[in-house]
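Please read these points with the sequence and the 3D view side by side.

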Amino acid sequence: LFRSTGIDDDADAIQAAWDNLALNSGAQVSLLVGDIRSTPLATADVVLANLTGGLLMSSAEPLRRTVAPGGRLILSGFMTHEAETVLTSFPGFTLEHRGEEEGWVCATLAAPSA
């Protein structure tokens, strides 16, 4: 069974997500207003973080803890000139894929296995 949790510190973003979920059925999604740096979350096999480069770097530790051993962390929302610094904020993770479009980067990182 597929379950997911969405978190954002912007209540309007969470409301927009609820509005979009109302248009789609079958997904088991929890949405909450909070800050990834201070909101404890259960581990997950796949974690997606669409954040600015600065926020990805300041959230690196809680994001690393949230990815299950052998899981994947998908990062986006940062720019090409920030990529090296952002990606080195996740030591022990292996870069599996990196894509760029118009100066924006998306990267998939593999977490170390247990």
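1. Glu 61 forms a salt bridge with Arg 65, and their closest N and O atoms are 3.5 Å apart; a salt bridge here is a side-chain nitrogen of Lys or Arg within 4 Å of a carboxyl oxygen of Asp or Glu. Both Glu 61 and Arg 65 lie in helix H3, four residues apart, which is about one turn of the helix. Helices (H or I, at least four residues) and strands (E, at least two) are DSSP runs, and they are numbered from the N terminus. Arg 65 counts as exposed, since its relative accessibility is 52%, whereas Glu 61, at 35%, counts as partly exposed. In these terms, buried means under 20% relative accessible area, exposed means over 50%, and partly exposed is in between (1.4 Å probe, protein chains only).

2. Before going further, please keep in mind that this is a predicted model, in which local features need pLDDT of at least 70 and side-chain atom pairs count only at pLDDT 80 or more, while totals for chains, interfaces and linings use all residues. Residues are numbered from 1 along each chain as its sequence is written, and side-chain values use heavy atoms, with hydrogens and water left out.

3. Glu 61 also forms a salt bridge with Arg 64, where the closest N and O atoms are 2.2 Å apart. Because Arg 64 and Glu 61 are three residues apart in helix H3, they are separated by about one helical turn. Arg 64 is partly exposed, with a relative accessible area of 23%.

4. The structure holds five salt bridges, and one of them is formed by Arg 72 and Glu 96, whose closest N and O atoms are 2.8 Å apart. This pair links distant parts of the chain, as Arg 72 is in strand E4 (residues 67-79) and Glu 96 is in strand E5 (residues 94-101), 24 residues apart. Arg 72 counts as partly exposed at 28% relative accessibility, and Glu 96 likewise counts as partly exposed at 45%. Salt bridges that share partners join Glu 61, Arg 64 and Arg 65 into one network.

5. For contrast, please look at Ala 111, which lies in the segment after E6 and counts as buried at 9% relative accessibility. The C-alpha atoms of Ala 111 and Leu 23 are separated by 33 Å, and these residues are 88 apart along the chain.

6. The largest pocket has a volume of about 1100 Å³. Of the 32 residues that line the largest pocket, those closest to its centre are Ser 4, Thr 5, Gly 6, Ile 7 and Leu 48. A pocket is found on a 1 Å grid over the protein atoms alone, as an open set of points where a 1.4 Å probe fits, with protein on both sides within 12 Å along at least five of seven lines, and lining residues have an atom within 4 Å of a point. The volume is the space filled by probe spheres set on the points, which are joined across faces, edges and corners. E3 gives the most to this lining, with seven residues.

7. Ser 76 lies in strand E4 and counts as buried at 19% relative accessibility. Its side chain makes a polar contact with the side chain of Asn 50, at 3.0 Å; a polar contact is a pair of N or O atoms within 3.5 Å, of which, within protein, one must be able to donate a hydrogen and the other to accept it, and residues adjacent in sequence count only if both atoms are side-chain atoms.

8. Finally, please check the backbone at Glu 102, which has a positive phi of about 50 degrees although it is not a glycine. Most residues other than glycine have a negative phi. Glu 102 lies in the loop between E5 and strand E6 (104-110), and at 75% relative accessibility Glu 102 counts as exposed.
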